[in-house]
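Dear colleague,

Please find below the structure that I am handing over to you. My notes on what was found in it follow directly after it.

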Amino acid sequence: MELSELGEFGWIDTIRRRFASIPVGANQGIGDDCAVLPLAEGQAWVVTTDMLVEGVHFLPDRITPYQLGRKSLAVNLSDVAAMGATPVASFLSVALPHSYTVEWADGFLAGYHALSEAFGVPLLGGDTTAGDRLTINVTAMGKAPLAHLKYRRSACVGDRIFVTGVLGGSAQGLCDLQAGHVDTPYVALHHDPQPQVREGIWLGQQPAVRAMMDLSDGLASDLVHILRASGCGAVIALEQIPAATSVELAVTGGEDYQLLLTLDARDASEVAQQYRNQFGKPLYEIGVIRQGAPQIEWQERGVPITPDWRGFTHF
Ligand code: ADP
Ligand code: MG
């Protein structure tokens, strides 16, 4: 059987089942944005790792080395933020083809360093090797009180669904690049995602926030992870989605790295108001969790519609 028949998430599930024979103890592994390793005194480490491959995640002649360095860390800090944790350290492994120059490596490190400095996250190690294709793997660790951590499995029927920012901008940037327009604001968004680090920590501190994850594959795919893990369905009001350009790109486009969360309905408007006071920008309410199969009902002004929308998967 081809791996494509199994699918990216089928493959991850195969791994999870294979390793179910080894007890994880109090730790929690595969299935969320980070693994969770509880410590003494109610604290926990969270750990995540993400790989970027030339030709799959980026084209080296389109993205600058600075942007690539920054993005390699950003996508990992986004997963730490998605748990409600504070980033503590990163590790950087690179497979470099011989054609890459010292100037390229300097630019890459400058971008990685700038984002590390912005959030005070030291680089504590990694690995370096030659390779046929530029491949970057980053591991990030974070820390939080166990009680602050947010999981995909915690959504409850009646919860309101929110996102922290505009969706579809990164996907629009990719479309612009493919059409040969390299200088649009969306291309900049695509190459320079902003991990919602402070927002994630703050949301972690709010007991009314139930489930949370970051949007890396697009709302249509990522929300289903919350629904499957929580055993419920959702209704999304398309007219409420803060779309950068088209609603379709906002729903299916990946790599926005905004946070997707559910809030206890009783506290939703109060928390949204406090968030606005804290960050000077809105939390966008886009729908509600309901009983039922782990599927999204898309509505346009209260009327269900049935588009064929899927998020991104690798195979
Ligand atoms: P994210 O987009 O948040 O980085 P992914 O969709 O990449 O998450 O992964 C989903 C879950 O599957 C995560 O918990 C991740 O750790 C796990 N996972 C992905 N690939 C592997 C693998 N090769 N081995 C073990 N776990 C994996
Ligand atoms: Mg994630």
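The largest nonpolar core of this predicted model has 26 residues, and those that touch the most other members are Ile 161, Leu 219, Leu 223, Ile 236, Ile 241, Leu 260 and Trp 298. At least two residues of this core come from each of β6, β7, α8 (219-230), β8 (233-237), α9 (247-252), β10 and β11 (296-300). Helix α8 gives the largest share, six residues. As an example of the packing, Ile 241 touches Leu 167, Leu 219, Ile 236, Ala 250, Val 251 and Ile 286, leaving aside residues up to four places away in sequence. There is also a second, separate core of 21 residues, with Leu 52, Phe 58, Val 75 and Val 121 among them.

Turning to the sheet, seven strands form an open sheet in the order β7-β9-β6-β10-β8-β11-β12, and their pairing is mixed. The edges are held by β7 (209-214) and β12 (303-305); each has a single partner strand, so one side of each is left without a neighbour in the sheet. From one strand to the next, the twist averages 30 degrees. Helix α3 (residues 65-82) packs on this sheet, where it touches β7 and β9 (259-263), and the direction of α3 makes about 170 degrees with that of β7. Within the sheet, strands β6 (residues 160-163) and β10 (residues 284-290) run antiparallel and are joined by four bridges. Here Phe 162 of the pair stands opposite Glu 285 in β10.

The next item is the metal site. Asp 33 (OD), Asp 79 (OD) and Asp 214 (OD) coordinate the magnesium ion (ligand 2) at 2.0 to 2.1 Å. The spacing of these donor residues in sequence is D-x45-D-x134-D. Asp 33 lies in the loop between α2 (8-18) and β1 (35-38), while Asp 214 belongs to strand β7, so the pair ties together parts that are 181 residues apart in sequence. Asp 33 is buried, with a relative accessible area of 6%, and Asp 214 is buried as well, at 1% relative accessibility.

Finally, the cysteines. How many disulfides does a search of the whole structure find? The search finds zero. For Cys 232, the closest cysteine sulfur is that of Cys 156, at 7.7 Å, which is too far for a bond. Cys 232 counts as buried, at 1% relative accessibility. Cys 34 is buried too, with a relative accessible area of 3%.

With kind regards

Note on methods: Residues numbered from 1 in each chain as written. Chains lettered and ligands numbered in written order. Predicted model: local features only at pLDDT ≥ 70, side-chain atom pairs only at ≥ 80, totals over all residues. Heavy atoms only, no water. Pairing = 2+ DSSP bridges. Axes fitted to C-alpha atoms, helices over the stretch in contact; angles between N-to-C directions. Contact = heavy atoms within 4.5 Å. Donors = N, O, S within 2.8 Å, 3.2 Å for Na, K, Ca; no water. Buried < 20%, exposed > 50% of the residue type's maximum accessible area, 1.4 Å probe, protein only. Disulfide = S-S within 2.5 Å. Core = buried A, V, L, I, M, F, W, Y, C linked by side-chain atoms within 4.5 Å.
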